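User: I'd like to learn how to read a fold from its coordinates. Can you walk me through one?

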Amino acid sequence: MQEHADQSVTDDFELAGVPDSFQRLWTPYRMAYIKGGQEQVKDEASCPFCAGPGRTDEEALIVHRGKTCYVILNLFPYNPGHLLVCPYRHVPNYTDITVEETAEMAELAQQSMRVLRKVSNPAGFNLGMNQGEAGGAGIAAHLHQHIVPRWNGDGNFFPIIAQTKAIPQTLSEVRSAIAEAWDSETLN
């Protein structure tokens with residue numbers, strides 16, 4: 001009798017849980033990010049966007065360094081090639097950056113789109129800046145602009161139902177491809 005009762009809460013792999021037709025993609029690396037929340041960045045010393053430029057491009061996943069801003073791969077990408085344009089200065093709001101930083105952020109966002117088109121031929125892009133914790137910023141203390149390449153059909157059920165995204169390439173492979181293409185492209 002107990003064996004029959006267990007079947008109602010055990011999947012084909014004999015793992016506890018309600019059985020359904022979905023396989024599981026486990027992403028335990030995200031837990032450090034999720035648990036840390038906004039409290040993980042208290043100041044410039046604990047800010048990953050301030051620490052990144054002090055590391056090698058490969059370690060930090062930086063694809064380009066500009067004069068006032070740089071471009072880095074998102075460590076927790078929505079899609080392969082998800083880039084962030086960050087000012088070097090630790091400022092939280094778009095209204096805090098200088099005219100020069102604003103212009104370079106715009107140039108780097110445009111260049112990011114050109115490079116991503118060359119490397120992976122996306123059908124479209126999402127560009128945005130989430131301002132403040134209430135605005136959805138994962139790290140509200142340091143301004144950053146998202147450039148997310150999109151393909152037809154990439155909005156499958158994983159992100160919507162399971163809050164899981166399948167990424168088919170390693171971050172280092174994506175960084176290398178984008179950095180190489182960046183060097184071969186010229187800013188217009």
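Predicted model: local features only at pLDDT ≥ 70, side-chain atom pairs only at ≥ 80, totals over all residues.

User: Fine. How many helices and strands does the protein have?

Analyst: Helices (H or I, at least four residues) and strands (E, at least two) are DSSP runs, numbered from the N terminus. Here you get seven helices and five strands, in the order α-α-α-α-β-β-β-α-β-β-α-α along the sequence.

User: How do strands E1 and E2 run, and how many bridges join them?

Analyst: Two strands pair if DSSP finds at least two bridges between them. E1 (residues 62-65) and E2 (residues 69-73) run antiparallel, with three bridges. They make a hairpin with three residues between them, and isoleucine 62 has isoleucine 72 in E2 as its bridge partner.

User: Next, the core. Which residues touch the most other members?

Analyst: Buried means under 20% relative accessible area, exposed over 50%, partly exposed in between (1.4 Å probe, protein chains only). A nonpolar core is a set of buried Ala, Val, Leu, Ile, Met, Phe, Trp, Tyr and Cys residues joined through side-chain atoms within 4.5 Å. In the largest one, with 33 residues, Leu83, Ile147 and Ile178 touch the most other members. E1, E2, strand E3 (83-87), H5 and helix H7 (171-184) each give two or more residues to this core, and H5 gives the most, six.

User: What is leucine 83 in contact with?

Analyst: Contact means heavy atoms within 4.5 Å. Leaving aside neighbours within four places in sequence, leucine 83 is in contact with residues including Val63, Val71, Leu116, Gln145 and Ile178.

User: Gln145 is polar by name, so let's check that one. Is glutamine 145 buried or exposed?

Analyst: Buried, because its relative accessible area is 11%. Glutamine 145 sits in strand E5 (residues 145-150). Not counting residues up to four places away in sequence, it touches Leu83, Met105 and Leu127, among others.

User: And for contrast, where is arginine 117 found?

Analyst: Arginine 117 is in helix H5 (residues 99-120). It counts as partly exposed because its relative accessible area is 43%. Beyond four places in sequence, arginine 117 touches Pro122 and Phe125.

Note on methods. Residues numbered from 1 in each chain as written. Heavy atoms only, no water.
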